[in-house]
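This report goes through one protein model.

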Amino acid sequence: RQTQAVCIPAVHLHMTTATMQVSQKDFEKAQEQLKLLKKDPGNETKLKLYALFKQATEGPCNSPKPGMLDFVKKAKWDAWNSLGNLSQDNARQKYTELVSSLISAESAGQTKDASPKESRHGGYETIIVSTENNITKIMFNRPERKNAINHQMYREIIKALHEAGKDDSTIAVITGNGEYYTSGNDLNNFANVKPNEMEKMAKDGAELLKEFVSSFIDFPKPLIAVVNGPAIGISVTLLGLCDIVYASDRATFHTPFSQLGQSPEGCSSYLFPKIMGLAKANEMLLFNKKLTAAQAYAWGLVTEVFPDGTFQKEVWERLKAYASLPKNSLAVSKQLLRSMEKEKLHAVNSKECEVLKERWLSDECLNAIVSFFQRKSKL
Ligand SMILES: CCCCC/C=C/CC(=O)SCCNC(=O)CCNC(=O)[C@H](O)C(C)(C)COP(=O)(O)OP(=O)(O)OC[C@H]1O[C@@H](n2cnc3c(N)ncnc32)[C@H](O)[C@@H]1OP(=O)(O)O
């Protein structure tokens with residue numbers, strides 16, 4: 001794939017054959033100028049440069065096609081091969097022009113890859129991960145299941161957060177695709193488990209949940225939740241671990257744990273009383289009170305509510321401005337705000353997972369899940 005890193009080959013810098021004196025000089029000068037570029041011109045441009053160089057120095061592509069899985073070699077071969085019978089003179093000319101356009105763009109402070117193009121991260125099926133304008137966006141992407149979080153999605157989010165924590169982005173955003181933010185844990189995670197496998201299911205589930213919540217506790221950069229629609233269960237509790245929560249006025253916030261025979265997670269048993277006071281946290285976490293976006297704002301769970309019609313536009317404009325702030329300053333400041341709590345949060349997470357592991361084996365929980373699948377109950 002073209003998104004693989006492609007190095008500008010060193011051979012660019014060592015031309016020996018002396019042909020076509022004038023353009024050959026320009027060609028050599030272009031190779032020298034290329035070394036002076038301060039910013040990486042991006043893989044697409046590097047592939048073009050590679051192809052034009054090969055065409056200019058060796059003529060039309062003459063090497064055997066690499067295997068499908070050799071992504072970098074295949075991308076280079078494709079780029080060179082796509083030049084067909086372009087003459088060596090023309091290739092030299094085009095190469096020189098391309099380098100010259102890169103140099104002028106850079107001196108004008110607008111290199112090609114500075115354009116705000118979204119780049120998609122590969123390897124995910126249940127979420128979409130992309131980076132644009134210094135923002136890495138992680139989007140729940142099972143809209144036909146109301147973005148319910150199955151085991152694969154838990155694992156993919158852990159991976160995406162791990163990568164977003166290390167990438168060049170300044171902030172990360174978590175949001176949902178479609179009508180829902182997410183309907184929380186996919187109840188199918190409990191389905192089709194044989195009686196003798198129940199304990200293992202509960203143990204594995206608790207381990208996965210602990211790792212999942214830990215990846216939010218440890219996330220090193222500002223993490224923003226963009227709550228585009230109804231949010232249920234674990235997606236609500238995690239909001240306490242996000243640094244900012246923007247909500248559409250269509251969003252609702254529901255933690256129906258006792259209704260499902262379960263118990264709070266996502267550190268909400270500790271963070272919700274801190275955020276909204278014990279009395280209000282009790283209404284949400286014990287008695288299943290579903291909040292509107294306005295209530296969630298009044299209770300301190302949500303930072304700001306936007307009209308649904310202008311939600312995406314307003315929020316992303318705001319986030320783009322935030323993401324242009326100095327990255328390291330934001331990261332150290334976030335860590336200062338959270339560091340005193342970290343140890344405590346990990347301890348709360350462990351305890352909540354331990355309690356849930358028992359809950360998942362209880363009749364109360366199993367009956368609630370059976371009721372859902374028998375269509376006797378919906379939230
Ligand atoms: C590793 C394990 C960690 C566990 C961590 C624990 C977390 C706790 C929680 O998150 S508790 C919250 C659990 N969520 C629910 O109980 C929600 C269940 N879903 C519903 O009540 C409803 O589906 C609804 C209110 C979200 C939406 O109702 P609506 O009528 O608008 O839409 P449908 O029900 O027709 O939904 C479309 C299809 O999507 C399926 N679906 C939706 N959400 C879930 C879900 N959470 N789990 C499983 N399936 C879900 C729904 O069943 C429909 O499927 P169908 O078309 O095949 O019928």
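## Fold and domains

The protein has 13 helices and 10 strands. Both are DSSP runs numbered from the N terminus: helices are H or I with at least four residues, strands are E with at least two. The model is predicted, so local features need pLDDT of at least 70, side-chain atom pairs count only at pLDDT 80 or more, and totals for chains, interfaces and linings use all residues. Residues are numbered from 1 along each chain as its sequence is written, and side-chain values use heavy atoms, with hydrogens and water left out.

Two domains are assigned: domain 1 (10–110) and domain 2 (119–373). These bounds come from an automatic or database domain assignment. The domain centres, taken over C-alpha atoms, are 47 Å apart.

## Dimensions and packing

The radius of gyration is 27 Å, whereas a compact globule of 379 residues would have one near 21 Å. The radius is taken over C-alpha atoms, and the globule rule is 2.2 Å times the number of residues to the power 0.38. Along the principal axes, the C-alpha atoms fill a box of roughly 85 × 45 × 40 Å.

Of the 379 residues, 47% are buried. Buried means under 20% relative accessible area, exposed over 50%, and partly exposed in between (1.4 Å probe, protein chains only). The accessible surface is about 19,500 Å², and carbon and sulfur atoms hold 53% of that surface. Areas come from the Shrake-Rupley method with a 1.4 Å probe; for residues, only the protein chains shown count as cover.

Take the contacts with a separation of 6 or more: residues 24 or more positions apart account for 73%. A contact means heavy atoms within 4.5 Å.

## Confidence

Mean pLDDT is 90, and 92% of residues reach 70 or more. pLDDT is the predictor's confidence in each residue, from 0 to 100. The model scores ipTM 0.99 and pTM 0.74.

Residues 1–19 do so, with 39 contacts beyond four places in sequence. Residues 111–115 also stay under 50, with 10 such contacts. Where pLDDT is low, the predicted coordinates should not be read in detail.

## Positive phi

Asn-134 has phi near 65°, a positive value in a residue other than glycine. Asn-134 sits in the loop between β2 (127–132) and β3 (135–140). Its relative accessible area is 38%, so Asn-134 is partly exposed.

Cys-267 is another non-glycine residue with positive phi, near 70°. Its loop runs between β8 (252–254) and α8 (268–276). Is Cys-267 buried or exposed? Cys-267 is buried, with a relative accessible area of 0%.
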